Amino acid sequence: MKKNLLMWDESLFRDPEVFEIDHVPEQFNHRESQMRELAFQVQPGLRGGRPLNSVCRGLPGTGKTTSVRKLFGEIEESTRKLVPIYINCQIDNTKFAIFSQIYRKLSGHLPPASGTSFKQVFDAIARLLQKEAAVLLVALDDANYLLYENEMNRVLYSLLRSYEAYPGTRIGVIVIISDMDVDLSREVDARVSSVFRPLEIYFPPYGEDEIKEILSERVKQGMFPGVLSEEMFDLVVEQTQKSGDLRVGIDLIKRAGLHAEHRASRAITSDDVCKAYDFSKYLHLSSSVRSLKNEEKAVLRDIARQSLAEGDMNAGEIYKAVKAGMPIGYTRFYEIVKKLDAMRLVDLQYREGKGRTRVISLRYDPEKIIEYIGEG
Ligand SMILES: Nc1ncnc2c1ncn2[C@@H]1O[C@H](COP(=O)(O)OP(=O)(O)O)[C@@H](O)[C@H]1O
Ligand SMILES: [Mg+2]
């Protein structure tokens, strides 16, 4: 049988860029009301006042990051007096790191890595704002990561009460949260809540028709005609719905396309889609694991190993295993387990018995977890 060999520089992708995770799509429908509310909130900032604060809340893949990026793009095109700053809290999740990013955006370079105090960075930011007579709008994306590090109050306090230490500075915030269980009003202390008072903007999950429309637009832009048949497209939509995350769908199309390319085929088959799904469905696991610190990875790895060995999954037993491999106190260990629970990597539950035991179970296949963390 003669194979339909592609020249090796021939691609199925018209524009691979549109399948990248940080691509901001030109066409962005179904989020008009959220965008309008956000625009209303930041409007005072365009006239030199303090923007109103907002909380954007919704499950992963509901367009929160994209909405804020679109809005920020528009602000940057229309004024220099309101400076939007986007912070990815998965990466920058301490007060110092966040203020360093703000400083970088305003001055064009990072503060010196060592020997600079938080106060010095803040002083410099305030001077720059005063000189430019500029107002700041800070988006804290995936801000639930600040909760795991207990930094939420410190960060919001410094941003929102900055006018006390630096009269004349005006800063508004947009807090983005993908964890529906987080109740921010309970996490934030009284000194912060008296100045925070955010409007909550909800991003509901996309329905089947919306997923279809968004993905088909992406395919039209990014792939050559005929590569993804209607039947295969329906399969992609089905898998996307199953995962509940639009990012999985976009990643799935990209991987299925690469897979077909690899076979030197001009069309994606169901085998390509299934193989791709084996990766794409772990998108959450892989990005969560990447954001963990080494110590946290080690704890998660030990939980996975214990589970593979069918050992007892109570917190005390796992702590023993962890402690055998590295010096760590129980309090720190338990903090890490709570973070892994909040990140939906493990499930932490109490079991009544003699005393209350804490039982840990994994939300992913332990072998997959070890594969993503590495053997260590
Ligand atoms: N309404 C939409 N139209 C087109 N693409 C969208 C839309 N909503 C989300 N996307 C795409 O889906 C992916 C996830 O969106 P994102 O804004 O990152 O969601 P969230 O921040 O809520 O997790 C991104 O690749 C984005 O381009
Ligand atoms: Mg996001």
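Predicted model: local features only at pLDDT ≥ 70, side-chain atom pairs only at ≥ 80, totals over all residues.
Trainee: Let's start with α12 and α13. Why are they called oblique to each other?

Mentor: Look at the angle. The axes of α12 (residues 246-262) and α13 (residues 270-280) cross at roughly 130°. Roughly perpendicular covers 65 to 115 degrees and roughly antiparallel needs over 145, so α12 and α13 count as oblique.

Trainee: How do you know that α12 and α13 meet, and which residues are involved?

Mentor: The two axes come within 8 Å, and contact here means heavy atoms within 4.5 Å. On the α12 side you get Val248, Asp251, Leu252, Arg255, Ala256, His259 and Ala260, and they meet Asp272, Val273, Lys275, Ala276, Tyr277, Phe279 and Ser280 in α13. By class, that contact has eight nonpolar, two polar and four charged residues.

Trainee: And what is the hand of that crossing?

Mentor: Right-handed, for α12 with α13.

Trainee: What makes α10 roughly parallel to α12?

Mentor: Here the axes of α10 (residues 208-222) and α12 cross at roughly 30°, coming within 11 Å. Roughly parallel means under 35 degrees, so α10 gets that label against α12. The crossing of α10 with α12 is right-handed.

Trainee: Which residues make up the contact of α10 with α12?

Mentor: Ile211, Ile214, Leu215, Arg218 and Val219 from α10, against Leu246, Gly249, Ile250 and Ile253 from α12. They divide into seven nonpolar, one polar and one charged. Gly counts as polar under this scheme, and Gly249 is in the α12 set.

Trainee: Why is α14 called oblique to α18?

Mentor: α14 (residues 283-290) and α18 (residues 366-373) have axes that come within 10 Å and cross at roughly 45°. Parallel would need under 35 degrees and perpendicular starts at 65, so α14 is oblique to α18. Leu285, Ser286 and Val289 of α14 make the contact with Lys368, Ile369, Tyr372 and Ile373 of α18. That contact has five nonpolar, one polar and one charged residue.

Trainee: Now the second largest pocket. How many charged residues are in its lining?

Mentor: There are 12 charged residues, with seven nonpolar and one polar. The lining has 20 residues, and Tyr148, Glu187, Lys338, Asp341 and Ala342 lie nearest the centre. Asp, Glu, Lys and Arg count as charged, so Glu187, Lys338 and Asp341 are charged.

Trainee: Which element gives the most to that lining?

Mentor: α17, with six residues. α5, α8, α17 and β6 each supply at least two. The space in the pocket is about 610 Å³.

Methods: Residues numbered from 1 in each chain as written. Chains lettered and ligands numbered in written order. Heavy atoms only, no water. Axes fitted to C-alpha atoms, helices over the stretch in contact; angles between N-to-C directions. Helix = DSSP H or I, 4+ residues; strand = E, 2+ residues; numbered from the N terminus. Left-handed = near helix turned anticlockwise from the far one by under 90°. 1 Å grid on protein atoms, 1.4 Å probe; cavity = no way out; pocket = protein on both sides within 12 Å on 5 of 7 lines; lining within 4 Å. Points joined across faces, edges and corners; volume = space filled by probe spheres on them.
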